[in-house]
Amino acid sequence: MNATITALLAREILDSRGNPTVEVDCLLSGGVRARAAVPSGASTGSREAAELRDGDARRFGGKGVLRAVDHVNTVIAGQLVGRDAREQAAIDAAMIALDGSENKAKLGANAILGVSLAVARAAAQASDLPLYRYLGGPAATRLPVPHMNILNGGVHAQWQGADFQEYMIAPLGASSVREAVQWGAEVYHALQAVLRAKGLSVGVGDEGGFAPRVQSNEQPLELIEQAIEQAGLRPGQDVAIAIDPASSEFFEDGRFYNLRSENRRLDAEQMVAYYARLVQSHPIVLLEDGMAEDDWAGWKLLNTALGERIELVGDDIFCTNPAIIARGIEQNIANAVLIKLNQIGTLSETIAATRLARDHGWGAFVSHRSGETVDSFIADLTVALDTGHIKTGAPARGERVEKYNQLMRIEQGLGTAARYAGAGAYVRAPRFGHERVQDAGSHPHAAPARTR
């Protein structure tokens, strides 16, 4: 089929938080019409590509995106109409050059990314291939471990409970994505029951996780372990835990980590010791943004202490930027990078960032944003790039579950070729210091192994 771009049509839509975002349709001469929508973050790194907002207080409190929409419909369309949609790298490079700024501030990363993703999806349709196969080729057969954010704190819970932003479950012991999603949903509902029994709130945050008013940053780990067991599963063997403190949000004076829920201020060395104790006591396989984005010395301490034991993921510090990731690799401050499309602004640069991490033995952890849409692009991207793990919120709320549903569709489409990443998803093989987790079956309150 002819894949020449004949039109690009953008519009302003609403994301999952009720804020405007950009949606783009790409039309091809062969009759294909493909669509992509752009997410938006809440806790954002200072080095992220720049969203373009209108700043008109009369509309959406200044958050409108009509200028970004207009840039797609006029400036970008004027450059790309007539090009072959299958020339992804050239198309992305043309938009970067057209913008000309260091962080895509002129046209808006939201405008550029919307076009980049819509073009890729259109090219896949024109090639009569599923998106994951078009992007990843015939070897794209491994399904990721879903990391489900089931308990929230920090900015996602308006600082009403834990300081840490996300507590996630990772069903690494499942035999398939379908079973992993099932287990995740069962633990989610079990956690709701645990919270209710303790008189804690079951209201949810931006990403569908519960946001109770807990007394410490460790209490959510204890509650989640109870929920895993109540669901008939074993902490650490069937379902592990990942945490994203989003520590830049509580880093103060360039020196201290202010844990409001515990009335404690810790320096970097003390914060690392705090994490080490949590990892020793609970089945934690992954720690994202354990240190603030500007605390490179703290990151070095953290990697020295825990880098051989768990996956340490940099988000705000790297912002999916290959140049910053390269610096992190050189200085050996982590062992994995979070991958967010809108942090860098094009599909090609996202792929480059992922490959850079993987080529140096680092993990790559694909992520949604707190302001999401029902676009499931990152589900296909995770399979295409074989990253082995993804986080896209709780197993609740339509914009979150659409990604999990897409992974189950992909798994079904692959048939017997499908493989589930399981514990092999991580650059550091899970090993826990917690005695109960090492031998969960012997613990007096542990659930028996499920029959699969």
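Student: How much space lies in the largest cavity?
Tutor: In this predicted model, the largest cavity holds about 130 Å³ of space.

Student: And how many cavities of 30 Å³ or more does the count come to?
Tutor: The count comes to three cavities of that size.

Student: Which residues lie nearest the centre of the largest one?
Tutor: Ala 37, Pro 39, Leu 341, Glu 372 and Ile 378 lie nearest its centre, and they belong to a lining of 16 residues.

Student: How does that lining divide into nonpolar, polar and charged residues?
Tutor: Seven residues of the lining are nonpolar, four are polar and five are charged.

Student: Turning to helix 9, which of its residues are buried?
Tutor: Helix 9 covers residues 322–331, and Ile 324, Ile 325, Gly 328 and Ile 329 are buried there. Viewed down the helix axis, the buried residues fall within an arc of 145 degrees, so they line one face of helix 9.

Student: What do those buried residues pack against?
Tutor: They pack against helix 8 (296–306), strand 13 (336–339) and helix 11 (347–359).

Student: What caps the N-terminal end of helix 9?
Tutor: Asn 321 provides the cap, with a side-chain oxygen 2.9 Å from the backbone nitrogen of Ala 323.

Student: And which residue takes a positive phi just after helix 9?
Tutor: That residue is Asn 332, with a phi of about 55 degrees.

Methods
Residues are numbered from 1 along each chain as its sequence is written. This is a predicted model: local features need pLDDT of at least 70, side-chain atom pairs count only at pLDDT 80 or more; totals for chains, interfaces and linings use all residues. Side-chain values use heavy atoms; hydrogens and water are left out. On a 1 Å grid over the protein atoms alone, a cavity is a set of points where a 1.4 Å probe fits but cannot get out, and a pocket is an open set with protein on both sides within 12 Å along at least five of seven lines; lining residues have an atom within 4 Å of a point. Grid points are joined across faces, edges and corners, and a volume is the space filled by probe spheres set on the points. Ala, Val, Leu, Ile, Met, Phe, Trp, Tyr, Cys and Pro count as nonpolar, Asp, Glu, Lys and Arg as charged, and the others, Gly among them, as polar. Buried means under 20% relative accessible area, exposed over 50%, partly exposed in between (1.4 Å probe, protein chains only). Helices (H or I, at least four residues) and strands (E, at least two) are DSSP runs, numbered from the N terminus. The arc is that of the directions from the helix axis to the C-beta atoms. Contact means heavy atoms within 4.5 Å. A polar contact is a pair of N or O atoms within 3.5 Å; within protein, one must be able to donate a hydrogen and the other to accept it, and residues adjacent in sequence count only if both atoms are side-chain atoms.
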